[in-house]
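Here are my notes for your first look at this model. Keep the structure open as you read.

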Amino acid sequence: MRENNSLNIRKIAILSMFVTISLTIFVLESLMPPVINIPGIKPGFANIVTLFLLVNTNKRSAFTVLIVRIILASIFAGQIMSLFYSLSGGILSLLAMSIVLYITKKKTVWFASVVGGAIFHNIGQILAAVVVLGSWTVICYLPVLLISGCITGLITGLITEFLDRSLAKGAFLDRLNKILCVKKVS
């Protein structure tokens, strides 16, 4: 029983560390001036953490960090209304990335990032906007979001692949998976 509690505490600590990293990235990104002065377009580098966890641990860990990060980011940014948009985009994105990574056997992280992190995230946010605004006219904004999202999704995916390759050489991922109780799949 004591060992199980210790494992749960370590799991919570590790997931909290990843939430902190993704929140820090989110805050730093929000302080950057926009590259393009079009509302809603931002790099989305906090998604590197979610994608990294999805590739290296399991869906549950990635989902937990994503949801906690979105809730805390909405509170910290003082934008509770954005919570609905972010949750819609984030959950749909995670689902799409999970499917792409499963189909490709986790070999094309950049592709999962573009499809899930960019395309489906923006579709989720536009659908949320349709619900909130009660109008389908907002769908006209989707092409702009998809183009910018594919570019930023590609960058995010490539950074995640680089990070993954860099950390694969050490014992970090083995220890991480042991703490998060992820079974190795050969």
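1. Phe-18 and Phe-52 are both buried. This is a predicted model, so read every value below as computed from it.

2. How do the two rings sit? Their centres are 6.2 Å apart and their planes meet at 35°, so the pair of Phe-18 and Phe-52 is tilted. A tilted pair falls between stacked, under 30 degrees, and edge-to-face, over 60.

3. Now look at where the partners come from. Phe-18 belongs to helix H1, and Phe-52 to helix H2.

4. A search of the whole structure gives three aromatic pairs. One of the others joins Trp-110 and Phe-111. That pair is edge-to-face, with 5.8 Å between centres and 75° between planes.

5. Trp-110 has a relative accessible area of 36%, so it is partly exposed. Phe-111, at 37%, is partly exposed as well.

6. Next, the largest nonpolar core. It has 28 residues. Phe-18, Val-65 and Leu-101 have the most contacts inside it. Helices H1, H2, H3, H4, H5 and H7 each give two or more residues to this core. In soluble globular proteins, nonpolar side chains tend to be buried together.

7. Another core lies apart from the largest one. This other core has seven residues, including Ile-41, Val-130, Val-138 and Leu-142.

8. Finally, check Leu-101. Leaving out residues up to four places away in sequence, Leu-101 touches Leu-51, Leu-54, Val-55, Lys-106, Thr-108, Val-109 and Ala-112.

Note on methods
Residues numbered from 1 in each chain as written. Predicted model: local features only at pLDDT ≥ 70, side-chain atom pairs only at ≥ 80, totals over all residues. Heavy atoms only, no water. Core = buried A, V, L, I, M, F, W, Y, C linked by side-chain atoms within 4.5 Å. Buried < 20%, exposed > 50% of the residue type's maximum accessible area, 1.4 Å probe, protein only. Helix = DSSP H or I, 4+ residues; strand = E, 2+ residues; numbered from the N terminus. Contact = heavy atoms within 4.5 Å. Phe/Tyr/Trp six-rings, centres within 6.5 Å; stacked < 30°, edge-to-face > 60°.
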